[in-house]
Amino acid sequence: MSATSELNTVRHDWQLSEVEALLALPFNDLLFNAQTVHRANFDPNEIQVSSLLSIKTGSCSEDCGYCPQSARYDSDLKPEALMPIDAVLKAAQDAKDQGASRFCMGAAWRSPKDRDIERVVEMVQGVKALGMETCVTLGMLTDKQTQALKDGGLDYYNHNLDTSEDYYSEIITTRTYQDRLDTLERVRDAGINVCCGGIVGMGESETDRAKLLLQLATMPSHPESVPINMLVQVEGTPLHGADAMDPIVFVRTIAVARILMPKSRVRLSAGRKEMSDEMQALCFFAGANSIFYGDKLLTTDNPMTNHDQKLFQRLGVYMGGSSYA
Ligand code: SAM
Ligand code: DTB
Ligand code: SF4
């Protein structure tokens, strides 16, 4: 890996054997390659920050084994109806004041109703008027709903594939991998930026991680944002008590995402609260250049903003905002 053109090339024809070989490289070689690709495509000291808000919490009909918001599990979570718009805008303004450039609103729905979309569009317009990028994650969408979000000015739609197609039914039985791919295609076809990634640390194999990355990297257009979440284990969910993930394997996953999707924002997403500062620094070196910022993710804790600010200072990185290289 040397010529600049090669480092800038965005390929969509990756093979499983190549992804597996990257994951298995000696750690120093992998990190060197990932950092080289990163530098050819991004300012290595700039990190994009997004803040999350759960606009509708809990009572979800799906059975995702990792999720505290499923109505099927006893996770001690207080369900909350769709938030009023002024409360959402206040949270967005607070996030902006802390330095976030994108505001991501998440709802615990299998799929929204048309009247929900109308309210979400008002939120999107209000947040945009504050001068922030917008992202929503609402579950599966119809064509009409997708178009309404696009017409409302939505910048990004988050819809994760979570794991490999093979492992999917071990984690979720109430929808299929194809359902996810269908919504992702609608979002892409409507001209909304795609935010799509997955969760690691759910007991999946190395091949499952390789297949998830392969699925993302062989999409006709790579997702502009690729969130890599480390499972947040929540008591009461089926995945509580899963074997903890080897941090080195997590860093490898980030590095391979960076190499496969050179121009995408790779987001070091859920699970940072459980990571040391040193592990996060390694993830940034491996090519992660986006985080969720703010004391809460959707329902679980995230590092405090002042801790992140201090970490950024120690690392000499700064908060930026541009989305795609
Ligand atoms: N209900 C919608 C859906 O599932 O697409 C949107 C909200 S859902 C909570 C958004 C994403 O959060 C999921 O796709 C999953 O990747 C992530 N997530 C949920 N619980 C998590 C956990 N315990 N650890 C890590 N990521 C999690
Ligand atoms: C993503 O990939 N991770 C975020 C966001 N997209 C919506 C959600 C993480 C949720 C972690 C568990 C919780 O706080 O409920
Ligand atoms: Fe519902 Fe989304 Fe949680 Fe699955 S991940 S249970 S769809 S809120």
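**A tour of helix packing, cores and cysteines**

Helices α3 and α11 are oblique to each other, a label for angles that are neither under 35 degrees (roughly parallel), nor over 145 (roughly antiparallel), nor 65 to 115 (roughly perpendicular). The model is predicted, with local features needing pLDDT of at least 70 and side-chain atom pairs pLDDT 80 or more, while totals for chains, interfaces and linings use all residues. Residues are numbered from 1 along each chain, chains are lettered from A and ligands numbered from 1 as written, and side-chain values use heavy atoms, without hydrogens or water.

Select residues 27-41 (α3) and 277-285 (α11): their axes lie 9 Å apart at about 55°. Helices are DSSP runs (H or I, at least four residues), and axes are lines fitted to C-alpha atoms over the stretch in contact, with angles from 0 to 180 degrees between N-to-C directions. Here Phe-27, Leu-31 and Gln-35 of α3 meet Leu-282, Phe-284 and Phe-285 of α11 (contact: heavy atoms within 4.5 Å).

Next, select Tyr-66, Leu-149 and Phe-250, which touch the most other members of the largest nonpolar core, a set of 91 residues. Such a core joins buried Ala, Val, Leu, Ile, Met, Phe, Trp, Tyr and Cys residues through side-chain atoms within 4.5 Å; buried means under 20% relative accessible area (1.4 Å probe, protein chains only). Helix α10 (residues 247-260) supplies the largest share, 9 residues.

Finally, select the cysteines. There are 0 disulfides (sulfur pairs within 2.5 Å). The sulfur of Cys-104 is 4.2 Å from that of Cys-135, its closest cysteine sulfur, too far for a bond. Cys-283 is buried, at 0% relative accessible area.

Technical notes. Helices (H or I, at least four residues) and strands (E, at least two) are DSSP runs, numbered from the N terminus. Buried means under 20% relative accessible area, exposed over 50%, partly exposed in between (1.4 Å probe, protein chains only).
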